[in-house]
Amino acid sequence: MSWIRKGELTLIERLSANILKAGPMPKHVAFIMDGNRRYARKLHVERQQGHTQGFDKLAETLRWCLNLEIREVTVYAFSIENFKRAKDEVDGLMELARQKFSRLLDEQEDLEKHGVCIRVLGDLTLLPLDIQKLIAQAVLATKNHNKCFLNVCFAYTSRHEITNAVKEAAWGVEQGLIKPCDVSEFLLDECLYTSNSPDPDLLIRTSGEVRLSDFLLWQTTYSCLVFQSILWPEYSFWNLCEAILQYQLNHHALQKARDLHAEARVLRQLEADRCCAAELLQQTGLGKPLDPQLRQEAVQKYTAEREGRVHSFLTALQEKRDRFFTDLNKGSIASAKA
Amino acid sequence: MAVVYEFMWRMLHALLHLQRTILSWFRISIWNWNWRLWRRAVATVLVPAVFGFQNHTHNNKKLVPGGGKKSCGRVRWKSDGKSLEKLPLHVGLLIAEEEPRYTDIANLVVWCMAVGISYVSVYDNQGIFRRNNSRLMDEILKQQQELLGLDSLKYSVEFLNNSNDKPEQQVLSCQATVKVLSPDDGKPGIVKAAQKFCQLVEQQQQRSADLDVNMLDSLLRGTKGMPDPDLVMKFGTVDSTLGFLPWHIRLTEIISLPSHINITYEDFFSALKCYAGCEQRLGK
């Protein structure tokens, strides 16, 4: 497979991997693959070659992740901000995407054999139509694979993603599927492009920069952040091990913080449900029942109704999302037949 | 075989914990001594290069612990600020440690004001500062008096109270704004803004398709919003933002310091120097 390099770990790499695996391992790792252009400058080659090497390094890193049993990887391939770059560089990156996605479609058997599910996250309508169609084909072809997951953030920024999630919730309100007070952290989680993935356990950024650059801002609030100074095309198995060690050192503290946040979230939802249930009773003229049993029943009834509304909304949202890809795909089948 | 690997894993982590303990012991026990160069050398030697945890880039973004007496250089603080290539407009102090020390945090806030930083926010993951807001404010005013002495009248601090956004204390002209934040200002803040927008949609004052990044940004910021943090100084050994303002930190530089306990002005200023050396390409 062109996206996952063939090969096995050396003996010493395998030994180190086995030692690491004795401790807690991240199940989902996110990468900001930074440093391609600086690498190209360092080697006095064209920028485009830096990006190509960057892709090769991605294929190698995916192989290492599989060896380390890290089943989900998310990568920041192209930001909406990157459209600001020089036209020839953007065109070069689009051409690279074209080649790689086309190649992917030729390797469907391999992808099925290894159970690789490819998802592309971002505002795909900003991309050239032919790339959108290639992406749609790749996503639909691998939709039901479930052994490992690769999420490619393309034409993506986190703020656009969060804004889009709020837009989807507002669409749900417009359609009469949910009410404004149904909007919660859980609902927004489900409206993000990453709704099918757990939050990343570990975020790695290469090239020495120490910022998130609008990548997975919502999802990485309790992730272990590792900033490494190595340039992406020079990334090694040992750099990955170092990052995982860092994750292991932070694991306990982060788990504690995550649990605290989850508890607070449950309490907030309960409080919100209580308020809304009380408001509803006021509106129906029943006032606030003095009997705590009745009040409890009213809250439970309200919670069940809210969860029902949210479920219908999320089903409709999933259908809308699937239709986007199937429509693109129909378009490409039609043009192939013509 | 699994038992052997587990044993080796435990040994590895024991070594790493030992390394961390030694480093922090050195930091605590020798901060009294004024032999800064010697201290830095020892700390560097104790960080095995093979692990490379201290991210020794030439910018040195994860700082080697230093120490030293509190230098009484308030006159020099303003010129220090001016000497930097760039100064952050808004600094976030993220205390990722279990037991906060109010005096040290107050020092940090006052130093920020003294070098010319306009907005300072203080955050912890458990909402401790939010619950002890007035204690922190009192400590800041006390340290302002102690560190800035006669000059303290020139510096005024506005405390943004989250409930009603009215200034708690205002003297002469406003030079710095201090805000205390908690995890409630993060994702729950975004949820509130989302609900606000959905209410407007329900009332047919907006359409869902009208929402864009700028609109959501203004809904989040409200009327008395601070600018996005340019720099977050994270204190403690936890490598995470722990829920600090997720929307606002999209371009924020995150510089880690080992601890806020007995933090010195020199360490604080090194973080600012580090920030001044960062280059932001903004996607280009």
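Begin by selecting A:Lys301, which is exposed at a relative accessible area of 56%, where exposed means over 50%, buried under 20% and partly exposed in between (1.4 Å probe, protein chains only). This is a predicted model, in which local features need pLDDT of at least 70 and side-chain atom pairs count only at pLDDT 80 or more, while totals for chains, interfaces and linings use all residues. Residues are numbered from 1 along each chain as its sequence is written, chains are lettered from A and ligands numbered from 1 in the order in which they are written, and side-chain values use heavy atoms, with hydrogens and water left out.

Next, select A:Arg38 and A:Glu209, which form a salt bridge with the closest N and O atoms 3.3 Å apart. This pair links distant parts of the chain, 171 residues apart, with A:Arg38 in helix 2 (residues 36-43) of chain A and A:Glu209 in the loop between strand 5 (202-205) and strand 6 (224-227) of chain A. A:Arg38 is partly exposed at 22%, whereas A:Glu209 is buried at 7%. Both belong to a network of salt bridges that also includes B:Glu253 and B:Arg281.

Now turn to the boundary between the chains, where 65 residues of chain B are in contact (heavy atoms within 4.5 Å) with 62 residues of chain A. Between chain B and chain A there are eight salt bridges. One of them can be found by selecting B:Arg250 and A:Asp214, whose side chains meet at 3.8 Å, N to O. B:Arg250 is partly exposed, with a relative accessible area of 21%, and A:Asp214 is buried at 4%.

Finally, select helix 6 (residues 133-148) of chain B, which has 16 residues. Its buried residues include B:Leu136, B:Ile140 and B:Leu147, while the face turned away from the buried side carries the exposed residues B:Asp138 and B:Glu146. Just after this helix, B:Gly149 takes a positive phi of about 50°.

Technical notes. Helices (H or I, at least four residues) and strands (E, at least two) are DSSP runs, numbered from the N terminus. The expected span of a helix is 1.5 Å times one less than its number of residues. A salt bridge is a side-chain nitrogen of Lys or Arg within 4 Å of a carboxyl oxygen of Asp or Glu.
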